[in-house]
Amino acid sequence: MPLSSRPPAAIYPRTILLRLAGGAVRRLSAEKNSERVMQVQVETFVDDGGVEKIRRFYLNGRQVEVVENLDQWHGADYRYFKVRGGEGDVYILYLDVHRTQWALYQR
């Protein structure tokens, strides 16, 4: 089941649940694993259906073009975006809605 279709109780504030190969789930928390968070600059757009998506982001001076927005899920004060970059890597970006601050989660 994709994360976006899970009930809200399964998504914890400021936490990412990653479904790994074989069905295992890994939880990443911004508070507990702050070393896994990198600040990034993000450019978004709104698609024809009115959904905000990521067009590109900048990481350590490097531009990453997003070729596919794979998933996104929301909470009261946060939003997560799972995207595929032009080089084929998958990224999970986090937006703190109150601070309007983006971060990139690393594995």
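This is a predicted model: local features need pLDDT of at least 70, side-chain atom pairs count only at pLDDT 80 or more; totals for chains, interfaces and linings use all residues.

**Entry 1: the β7 and β8 hairpin.** I began with β7 and β8, which form a hairpin with 4 residues between them. In its turn I found G88 with a positive phi of about 100°. The two strands pair in the antiparallel sense over 7 bridges. I looked up R79 as well, and its bridge partner in β8 is L95.

**Entry 2: on to β9.** From β8 I moved to β9, and this pair is antiparallel over 5 bridges. Here I92 has Y105 in β9 as its bridge partner. The β8 and β9 hairpin has 4 residues between the strands, and T100 takes a positive phi near 45°. I then checked burial along β8: 6 of its 7 residues are buried, so the strand is largely enclosed by the rest of the structure.

Entry 3: Strand β4 (residues 41–46) runs antiparallel to β5, with 6 bridges joining them. Across this pairing, E43 stands opposite R56 in β5. Their hairpin has 5 residues between the strands, and G50 in the turn has a positive phi of about 85°. β5 also pairs with β6 in the antiparallel sense, over 4 bridges. L59 stands opposite R62 in β6. The hairpin of β5 and β6 has 2 residues between the strands, with N60 at a positive phi near 50°.

**Entry 4: the nonpolar cores.** Which residues have the most contacts inside the largest nonpolar core? I got I54, F57, V83, L93 and W102, in a core of 14 residues. β5 (52–59), β6 (62–74), β7 (78–85), β8 (90–96) and β9 (101–105) each supply at least two residues of this core. Apart from it lies another core, of 7 residues, and among them are Y78, Y80, I92 and Y94.

**Entry 5: W102 up close.** I listed the contacts of W102, leaving aside its neighbours within four places in sequence. The list includes M38, Q39, V40, V42 and T44, and also I54, F81 and L93.

**Entry 6: aromatic pairs.** I counted 5 aromatic pairs in the structure. For F57 and Y91, the ring centres are 5.0 Å apart and the planes stand at 75°, so this pair is edge-to-face. F57 lies in strand β5 and Y91 in strand β8, so the pair ties together parts that are 34 residues apart in sequence. Are F57 and Y91 buried or exposed? F57 is buried, with a relative accessible area of 0%, and Y91 is buried too, at 9%.

Next I took F81 and W102: their ring centres are 5.3 Å apart and the planes are at 45°, so the pair is tilted. F81 sits in strand β7 and W102 in strand β9, and the pair links these distant parts of the chain, 21 residues apart. Both F81 and W102 are buried.

**Entry 7: one cluster to finish.** W73, Y78, Y80 and Y94 form one aromatic cluster.

Terms used. Residues are numbered from 1 along each chain as its sequence is written. Side-chain values use heavy atoms; hydrogens and water are left out. A nonpolar core is a set of buried Ala, Val, Leu, Ile, Met, Phe, Trp, Tyr and Cys residues joined through side-chain atoms within 4.5 Å. Buried means under 20% relative accessible area, exposed over 50%, partly exposed in between (1.4 Å probe, protein chains only). Contact means heavy atoms within 4.5 Å. Rings of Phe, Tyr and Trp (its six-membered ring) pair if their centres lie within 6.5 Å; planes under 30 degrees apart count as stacked, over 60 as edge-to-face and the rest as tilted. Two strands pair if DSSP finds at least two bridges between them.
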